[in-house]
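Work through the exercises below with the sequence and the model open. Try each task before reading its solution.

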Amino acid sequence: MSFREETRAWLEENCPRQMRTPGSVTNGGRHAKLGEEQRAWLDRMASKGWTAPTWPAEYGGGGLSVEDNQILTEEMRRINARAPLAGHGLTMIGPAILEFGTEEQCLEHLPKIASGEVRWCQGYSEPGAGSDLASLQCRAMADGDDYIINGSKIWTSGADQADWIFSLVRTDTAKKHEGISFMVFDMTSEGVSISPIELISGSSEFCQTFFDDVRVPKKQMISTPGNGWTVGKRLLQYERTSIGGIGGSNQKITTIDEHAMNYLGANNGKISDPAIRDAVTSLRMDEHAYQLTTRRSAEEAISSKAPTFMSSFFKVYGTEQNKERTELLVHIMGTNGLGWEGDGFNGGELGATRNWLRSKANSIEGGTSEVMLNIISKRILGLPD
Ligand SMILES: Cc1cc2nc3c(=O)[nH]c(=O)nc-3n(C[C@H](O)[C@H](O)[C@H](O)COP(=O)(O)OP(=O)(O)OC[C@H]3O[C@@H](n4cnc5c(N)ncnc54)[C@H](O)[C@@H]3O)c2cc1C
């Protein structure tokens, strides 16, 4: 039996019906509340190593080649299967540990990420260090076998739900970039506290995170002291590639078509409003072209073992496309797409409003669009500083 046939048969048997409909994807972790089908889907995929299909099997991954991973993606898309797991573990810190971590660190952290046992958050930004991240002030002072960390981080997404944090800290105040190190630690460590920040979209995914004399073993540093900027920048490339990937998924495209026909009427299976039909077709074409380009780039990145500055290009384009998609959906829904609460709106409509507002943040998180354009100018187009 070919890998495609085996995969198709396995998915048919193991993907629960509810997981073949659009819906939320878990980030895992001890705070996660999963329904029965979501739990079964996560556990079954994790047992195959297919939550992290290309990671080595000894670290909880599936050990798949680029080609087989592509087949798995296509077969999941064919049955509209949801991703079994998402989050900073799979898309950011996991790949960074694979690239820079010791064997011991890989064995300690990667299996717990792939199984969904541990959820991670990102401690980069500080009240005085956003785009100019290397200005960060959070200090880590060596003390015997440990570092003692003091300072605060801001905009820490999901800190209140996370089990572990990866953080950029200053181990040397005399040097700017070379004085930064990369630490990982448990959010239940003594001295870690968090304070949620409310967003315009109504949810509270952000936190400010405080570290007061947090003692972290030196062995929890990823790479060497002073090399955190190199690790941190690479992780941002993984992050930007992942944010850029929010453009295009078969489920979302189908939903826009269906919404347009439901809200504006259909004529022979086509959206009746010609202007909206054009807009949806144009978006679908862009999304398809973009999907193919991101796939090609992902294949190149896996074979070259690391992402490139192209991640900045994808971040800009993918976020603009996501903004366009959410804007179009709200436009199609008319006043129904501008609901905040109450019986006058169904769940999908309330979700569309919040997704539209949330999409505005795409061009800020992971590095702003202006900063991405600076990187594209310098690193891809070779323009002078
Ligand atoms: C949804 C969301 C989730 C986030 N999650 C996290 C997280 O989990 N962990 C974390 O550490 N951080 C997180 N952040 C923070 C994010 O990384 C920062 O907001 C971002 O890097 C910008 O920093 P800043 O907000 O301090 O803005 P600033 O750096 O103060 O920028 C303000 C404005 O100036 C512009 N600007 C700055 N420098 C330049 C320049 N050199 N050239 C041109 N324009 C410039 C920017 O583009 C922006 O428009 C998140 C942000 C968002 C929106």
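**Exercise 1: the ligand shell**

Task: find how many residues surround the ligand, and which are the closest.

Solution. Step 1: the ligand is surrounded by 19 residues, where a residue is near a molecule if its C-beta atom, placed from the backbone, lies within 6 Å of it. The closest are Tyr124, Gly130, Ser131, Glu365 and Thr368.

Step 2: strand E1 (120-123) and helix H11 (369-380) are the elements that give two or more residues to this shell. Helices (H or I, at least four residues) and strands (E, at least two) are DSSP runs, numbered from the N terminus.

Step 3: sorted by class, the shell has six nonpolar, ten polar and three charged residues. Ala, Val, Leu, Ile, Met, Phe, Trp, Tyr, Cys and Pro count as nonpolar, Asp, Glu, Lys and Arg as charged, and the others, Gly among them, as polar.

Step 4: domain 2 (120-226) and domain 3 (245-380) each supply at least three residues to the shell.

The model is predicted: local features need pLDDT of at least 70, side-chain atom pairs count only at pLDDT 80 or more, and totals for chains, interfaces and linings use all residues. Residue numbers start from 1 along each chain as its sequence is written.

**Exercise 2: domains**

Task: state into which domains the chain is divided, then describe the contact between domain 1 and domain 2.

Solution. Step 1: the domains are domain 1 (3-86), domain 2 (120-226) and domain 3 (245-380), with bounds from an automatic or database domain assignment.

Step 2: the centres of domain 1 and domain 2, taken over C-alpha atoms, are 31 Å apart. Four residues from domain 1 and four residues from domain 2 make the contact, for which two C-beta atoms, placed from the backbone, must lie within 7 Å.

Step 3: on the domain 1 side, the touching residues are no nonpolar, three polar and one charged.

**Exercise 3: positive phi**

Task: locate Asn80 and Trp155, and decide whether each is buried, partly exposed or exposed.

Solution. Step 1: most residues other than glycine have a negative phi. Asn80 has a positive phi of about 65 degrees, and phi of Trp155 is near 60 degrees.

Step 2: Asn80 lies in the loop between helix H3 (66-78) and helix H4 (88-100). Trp155 is in the loop between strand E3 (146-153) and strand E4 (164-170).

Step 3: a residue is buried if 20 or more other C-beta atoms, placed from the backbone, lie within 10 Å of its own, exposed if 12 or fewer, and partly exposed in between. Asn80 counts as partly exposed because it has 15 C-beta neighbours inside 10 Å. Trp155 has 21 inside 10 Å, so Trp155 counts as buried.
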